[in-house]
Each structure stands twice: as C-alpha cells, then as structure tokens.
Amino acid sequence: MYVRQFMTAQVFTVTPEKTIADTMALMREKKISRMPVVEKGKLVGLVTDGDLREVSPSPATTLSIFELNYLIAKTPIREVAIKKVVTCHPDTQIEDAALLMRDHKIGGLPVVDGGKVVGIITGSDIMDAFLDIMGFRSPGQRVMIETKDQVGVMLDLALSTKEFDVNIGSLAVYHLRDNQIQILARLQGDQVAEVEASLEKKGYQIKK
C-alpha cells in the first residue's frame, strides 16, 4: 500500500509573501490544519495551525490587540513557517510514511514528486489505511484466531476456508509474546461457523 492511495491530491498552498492573516483565513475557510509554502513551484516551507496559534493574540503578551493584529496583517508567512520540511514520495509505502510521522512527532507530510507538491498525507489518512488493512470496511464476518507462530498456519486456514467455500476478504497478523500470533480475518460465505469448528479441531483458538 502506497501513499498515493491515501493522500489528499488537492493541496492548498501559499507563497512565502502571503501574510499570516491571509493564511489563517484560508486555512479556516478550507478547514485544514497544515499548508505547504511554495515558491516558483518548489516546496520551501510548511505552516500548521499550531504555528499560527503561537503568533495569535494571547493574554500573556505585552502588545496591545491592535499591535498584534497589525503584525499579523503585515508579517509574511515565511517568518513563522517551518523551513526544514519532512516529506515523502507518492510511492513511499504507507508504513514508512507512518514511521516518519511518528519519529518526527508530526501530524502530516507533504507528498513531493520531482520537487513539486502533489499531495499531502495526514494522521487521519494513515488511520484510514489501518482500517482498510484490518478489514474494517470489508464485508464478511470477523474471525480472530490465536495460535503459535509456526509453519503451516496459513495453509491450515486456506484449506479450511476452501473446504467450506468461504472466501478470505482480508487478513492481518499481530505478533504476541511467547511465539504466539493473532490472525484477524474477514470471512465471506455461508459456512463461516464450519470453518471455525474445523480450525478448532486442528488446535486453533477462536477468540470472540
């Protein structure tokens, strides 16, 4: 699964000369929390709602509200934008993008191809990918199987589903301690109960 499958392709951007006030207004209008800063088609920065909150009026400031509003209306966004932007490519694997976001403690990545911003991927997009991998949106019955991590497990599952004409809609494996695994499967067919019984006879635990 690749970033291109889950990223938002319609990206709103600003130029470095755009004022803080105009950028804040655009982000509110488009209901977005981050915006790439682009100059002559190239990514030169990133601004987030957190960056803008830091320069917004606060009770702790010694400046008057009029002075603050003046600064916000006149200061270019380049003054507050992040300069060293962490990015990814459309063909970056989704788990690598998630790792980048986790390691850098950020909520989104501009997607860059040939120096041009072609999309943006956020934590919400990563969650959508996770739900797809786990089969949350897939039809069928959810079956949780717990067993030892050993050769032949997937073969047993495949043989049991084939025997009862049941399709495996999705499959995910979670590794536990003590060489145990949990297999989360979405099974499609009229004889899912028979598949479960077949697996239990083979020594597998079916978790409800």
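**Group meeting: core, hairpin and surface of a predicted model**

Of the 15 residues in the largest nonpolar core, the ones that touch the most other members are Val 143, Ile 145, Val 166, Ile 183, Leu 187, Val 195 and Leu 199. At least two residues of this core come from each of four elements: strand E5 (141–148), helix H7 (153–163), strand E7 (180–188) and helix H8 (192–201). E7 gives the largest share, four residues. As a general remark, nonpolar side chains in soluble globular proteins tend to be buried together. Please keep in mind that this is a predicted model.

What is Val 166 in contact with, leaving aside its neighbours within four places in sequence? The list is Thr 161, Leu 187, Gln 188, Gly 189, Gln 191, Val 192 and Val 195.

Next, the loops. Asp 165 sits in the loop between H7 and E6. Its phi is positive, about 55°, although Asp 165 is not a glycine. Asp 165 counts as exposed, because its relative accessibility is 66% and the cut-off for exposed is over 50%. The loop between E6 and E7 holds Asn 179, another non-glycine residue with a positive phi, here near 60°. With a relative accessible area of 46%, Asn 179 is partly exposed.

Strand E6 itself, residues 167–175, contains Val 173. Is Val 173 buried, partly exposed or exposed? Its relative accessibility is 38%, so Val 173 counts as partly exposed. Together with Met 154 and Leu 171, Val 173 makes up a nonpolar patch on the surface, and the three have about 220 Å² of accessible area together.

Now the hairpin. Strand E3, residues 108–113, runs antiparallel to E4, and six bridges join the two. Gly 108 is opposite Thr 122 of E4. Two residues lie between the strands of this hairpin, and in the turn Gly 114 has a positive phi of about 65°. Why do I call E4 largely enclosed by the rest of the structure? Because five of the seven residues in this strand, which spans 116–122, are buried.

Last, Ile 72, which belongs to helix H4, residues 65–74. Its relative accessibility is 10%, so Ile 72 counts as buried. From Ile 72 to His 104 is 32 residues in sequence, and the C-alpha to C-alpha separation is 28 Å.

Conventions
Residues are numbered from 1 along each chain as its sequence is written. This is a predicted model: local features need pLDDT of at least 70, side-chain atom pairs count only at pLDDT 80 or more; totals for chains, interfaces and linings use all residues. Side-chain values use heavy atoms; hydrogens and water are left out. Buried means under 20% relative accessible area, exposed over 50%, partly exposed in between (1.4 Å probe, protein chains only). Two strands pair if DSSP finds at least two bridges between them. Patches are made of residues with over 30% relative accessible area and no salt bridge: like charges are joined within 9 Å, nonpolar side chains (Val, Leu, Ile, Met, Phe, Trp, Tyr) within 5 Å. Accessible areas come from the Shrake-Rupley method with a 1.4 Å probe; for residues, only the protein chains shown count as cover. A salt bridge is a side-chain nitrogen of Lys or Arg within 4 Å of a carboxyl oxygen of Asp or Glu. A nonpolar core is a set of buried Ala, Val, Leu, Ile, Met, Phe, Trp, Tyr and Cys residues joined through side-chain atoms within 4.5 Å. Contact means heavy atoms within 4.5 Å.
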